[in-house]
Every structure is written in C-alpha cells, then in structure tokens.
Amino acid sequence: MNFPDTAFSFTLDAVCPVTGARAGTLHTPRGDIQTPVFMPVGTQATVKAMAPFELEEMGARIILANTYHLYLRPGADIVAEGGGLHGFMQWKRPILTDSGGFQVFSLSTLNRISDEGVWCRSHHDGTPHVMNPEWSMSVQKQLGSDIAMCFDQCAPWPCSREEAEGAVRRTALWAARSKEAHAREWQGERRQALFGIVQGSVWEDLRLRSAKDIIPMDFPGYAVGGLSVGEPHGDMYRILDSLKGVLPSGKPRYLMGVGRPDNLVEGVARGIDMFDCVLPTRNGRNGTLFTPYGAVNIKKKQYERDFTPVDPECDCYACRTFTRAYIRHLYRSGEILASRLCSWHNLRFLIRLGEEMRKAILEGRFPEFRRAFLGRFSGGEA
Ligand SMILES: CNc1nc2c(CCNC[C@]34C[C@H]5C[C@H](C[C@H](C5)C3)C4)c3nc(N)[nH]c(=O)c3cc2[nH]1
Ligand SMILES: [Zn+2]
C-alpha cells in the first residue's frame with residue numbers, strides 16, 4: 001500500500017512560459033521551502049564556519065548533511081542519541097541527507113562495487129565497511145533528515161557507455177531496495193521523504209531509460225545525479241533539456257552538486273528547483289568571492305586599498321559592514337574571520353540568487369533576468 005507522503009507536498013506557484021523555469025513551494029513538517037532554492041552544504045553536521053543563527057540570518061531554508069561522513073564520525077548512533085541531526089547540530093529547519101554512495105567513490109581509499117552494495121575502507125582509519133541501500137536508509141533514519149536520497153551509483157566522467165549502463169541498471173535496482181527499506185524503517189510514519197535519483201551520464205537514451213525505471217516508483221521528488229562530475233557544461237545542459245519534459249512537473253527536481261551561479265541560472269531555465277554545492281564555503285575559505293560580474297579573488301594586491309564592499313548589491317553582513325581591503329587583510333593574516341565573512345557572502349549570494357530567480361519567475365520576467373545576469377557574470381575572475 002503506497003501511503004501518499006501527505007507530510008510532504010510540492011506546489012507549483014508559477015512556470016515561465018518561455019523557458020519552463022518554475023517557482024514552487026515544498027511543504028515539509030519542519031517548514032516550507034520556496035524554490036528555486038540553493039541548499040548550503042554541511043558535510044560534518046556543520047556548514048563550515050557558520051553558526052545556525054547566522055544561516056538563519058542569511059535566509060538558509062534547508063541545509064545538506066551526509067550519511068557517509070556522519071556514519072564514520074561521530075557515528076550515526078551518537079547523532080541519534082543527540083536528537084538526530086536537528087538536535088545534535090541545533091538546526092530547526094529542514095535537512096536533506098545524501099545517501100552516501102557518491103561519497104564512497106570520492107573519498108574512500110578502496111572500494112569494490114557489486115549488486116549487493118559497496119565494500120570500502122574508511123578514509124579515516126582504513127576499517128572495512130559495506131554500504132548498500134538498506135544500510136543507507138537505516139543511517140538516514142538515525143540522522144532523522146527531512147529528505148533522504150536513494151542509494152545510487154554515480155558513474156564517473158568520462159566513462160564508457162557500458163559503465164554508464166551499469167550504473168543505470170544498478171541505480172534502479174538500488175532505488176527499489178531503498179524504497180522498500182525506507183518503508184520498513186518508517187512503518188508508515190511520514191516524517192522523511194525519499195527522493196529518487198536518475199543516472200545515465202551524458203547519454204540521453206540512458207537518461208530516459210533511467211527516468212523510466214525511477215519515475216514509476218512514485219517518489220515525492222526526483223534528483224538528477226551523475227552530473228557536475230567534470231563533464232562540459234554543454235553536456236549538463238543537454239541532459240537537463242532531455243529530462244525537462246520527462247520528470248513529473250508536479251514534483252521537485254534536484255540537480256545534485258551544482259554549482260556555480262551561472263549553472264544555477266541555466267539549471268532553473270531547464271526546470272530545476274533545488275541545488276547544492278560546496279563551492280560557496282570551499283571558495284570562501286580560499287578567498288574567492290562571487291560578485292555579479294564573476295568571481296573576485298580577495299588576495300589580489302589590487303584590493304589593498306579598495307574600500308568598497310565585496311558586492312555593493314549584496315545585503316549580507318560582510319558586504320554591509322566591511323570593505324574588500326579589510327577582508328583582504330584578514331585573509332593574508334590568516335584570520336579565521338576571513339573564512340567566515342567570505343563563506344557568509346558566498347552563501348548569501350547563492351541564496352539570494354534563488355530568491356531573485358523566484359521573484360523574476362513570479363513576475364513573468366525570468367528570460368530578461370537570465371539574460372541580464374549571464375550578460376554580467378563571467379564564470380571566471382571578475
Ligand atoms: C559536485 N558534483 C556532484 N555532487 C554530486 C553528488 C553529491 C551531492 N552533494 C551532497 C554532498 C556531497 C559531499 C559534500 C557535501 C556534503 C555531503 C558530502 C553531501 C555535499 C551526488 N550524490 C548522489 N547521491 N548521486 C549523484 O549522482 C551525485 C552527483 C554529484 N555531482
Ligand atoms: Zn555579501
């Protein structure tokens with residue numbers, strides 16, 4: 001018996017008639033999430049260098065955490081005893097957890113994959129672990145996230161068509177096992193939504209095959225996996241175009257691991273609602289800051305006497321309060337506040353970009369917004 005996830009529902013508030021870009025609202029037991037939305041990433045139960053109250057101040061509505069990392073350290077049982085992720089890290093709003101599969105490949109020192117699951121050695125201490133759909137659903141329940149992801153296989157890029165086909169087949173196998181294990185874990189309680197993930201690398205026919213496998217499983221939301229793994233942006237956009245008319249329009253679409261500001265705009269233009277990426281905090285820690293004209297590297301000498309804000313159009317604490325000269329000084333002095341202010345600004349830049357795209361879609365002017373934003377933003381250094 002498929003209980004509808006009544007605790008979770010998605011409302012389409014507006015759709016751009018020209019591009020198909022969407023403005024929506026994802027209703028969850030811990031609050032509503034307006035889309036398009038950028039989700040700050042908190043790998044180890046913290047969005048690096050940001051306290052929960054600061055994340056709330058900058059308008060973060062949902063954050064990401066990870067099964068693989070928290071299972072290994074401190075252990076999902078400790079997080080569960082601490083009140084689940086929400087209690088442990090004192091974040092009251094929604095949390096989405098990734099299923100752990102992707103991280104096994106990007107982090108573990110050794111891994112072997114079979115239809116059963118993934119055997120790997122911890123990147124901390126080399127101890128052996130087996131990760132599979134049942135393990136992932138059990139850990140995500142202990143973490144208590146509001147949205148969990150199916151345990152999937154993300155093919156690397158580049159890969160052979162056969163490798164991509166194998167990942168599509170296994171992802172479908174594991175999606176069915178994830179759904180069964182999730183239903184067993186929660187026994188009808190509807191406090192955690194499980195999103196499906198579509199694979200297929202850069203082959204459109206494999207993407208359609210994966211969509212045909214996953215969509216009939218009737219998940220409350222669908223992610224596009226297997227992208228932002230090094231493929232040219234043109235391939236990413238082509239794949240998104242091929243999925244636009246296939247993914248259920250009444251359910252949220254999450255593009256995993258994306259991305260740069262221009263990628264977000266192009267993703268929204270292709271019907272994506274949700275994004276996550278480590279860039280804002282990772283770039284923040286090395287002094288690379290998003291501005292409407294591209295990325296600025298605050299270390300540069302040219303900012304030594306630049307007493308203007310990082311981004312004069314930005315409303316974040318860093319831009320309201322400090323100058324480029326001061327943040328450059330902090331960075332060169334190795335001050336912790338440098339990482340905090342840069343992360344703060346980059347996170348707010350992407351959160352605000354989501355808010356502005358939503359407003360443009362609601363006001364029927366998304367194509368103009370997209371043209372103006374991309375016209376000013378050069379992907380590289382400003
Ligand atoms: C960057 N490109 C990219 N990412 C991807 C991710 C991880 C999304 N971010 C979650 C994550 C991953 C890491 C870093 C932080 C915290 C935590 C551990 C969860 C974000 C992916 N995750 C899954 N399950 N499947 C994918 O195909 C996939 C493809 C991606 N392509
Ligand atoms: Zn700012």
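Analyst: This is a predicted model. One place to begin is F290, which has 2% relative accessibility and therefore counts as buried, the limit being under 20%.

User: What makes F349 count as buried or exposed?

Analyst: The value for F349 is 4%. Buried means under 20% relative accessible area, so F349 counts as buried.

User: Why is the pair of F290 and F349 called tilted?

Analyst: The ring centres are 5.7 Å apart, and rings pair if their centres lie within 6.5 Å. The planes stand at 40°, which is neither under 30 degrees (stacked) nor over 60 (edge-to-face), so the pair is tilted.

User: Which parts of the chain does this pair tie together?

Analyst: F290 belongs to strand β15 (residues 288-291) and F349 to helix α14 (residues 336-362), so the parts joined are 59 residues apart in sequence.

User: How many aromatic pairs does the structure hold?

Analyst: There are 10 aromatic pairs. One of them is formed by Y71 and W135, with 5.1 Å centre to centre and 90° between the planes. An angle over 60 counts as edge-to-face, and that is the label of this pair. Y71 is in helix α2 (residues 67-72) and W135 in helix α6 (residues 133-143), 64 residues apart.

User: Why does Y71 count as partly exposed?

Analyst: Y71 has 25% relative accessibility. W135, at 11%, counts as buried.

User: What links Y71 and W135 into a cluster with F151 and W174?

Analyst: Ring pairs link these residues.

Conventions:
Residues are numbered from 1 along each chain as its sequence is written. Chains are lettered from A and ligands numbered from 1 in the order in which they are written. This is a predicted model: local features need pLDDT of at least 70, side-chain atom pairs count only at pLDDT 80 or more; totals for chains, interfaces and linings use all residues. Side-chain values use heavy atoms; hydrogens and water are left out. Rings of Phe, Tyr and Trp (its six-membered ring) pair if their centres lie within 6.5 Å; planes under 30 degrees apart count as stacked, over 60 as edge-to-face and the rest as tilted. Helices (H or I, at least four residues) and strands (E, at least two) are DSSP runs, numbered from the N terminus. Buried means under 20% relative accessible area, exposed over 50%, partly exposed in between (1.4 Å probe, protein chains only).
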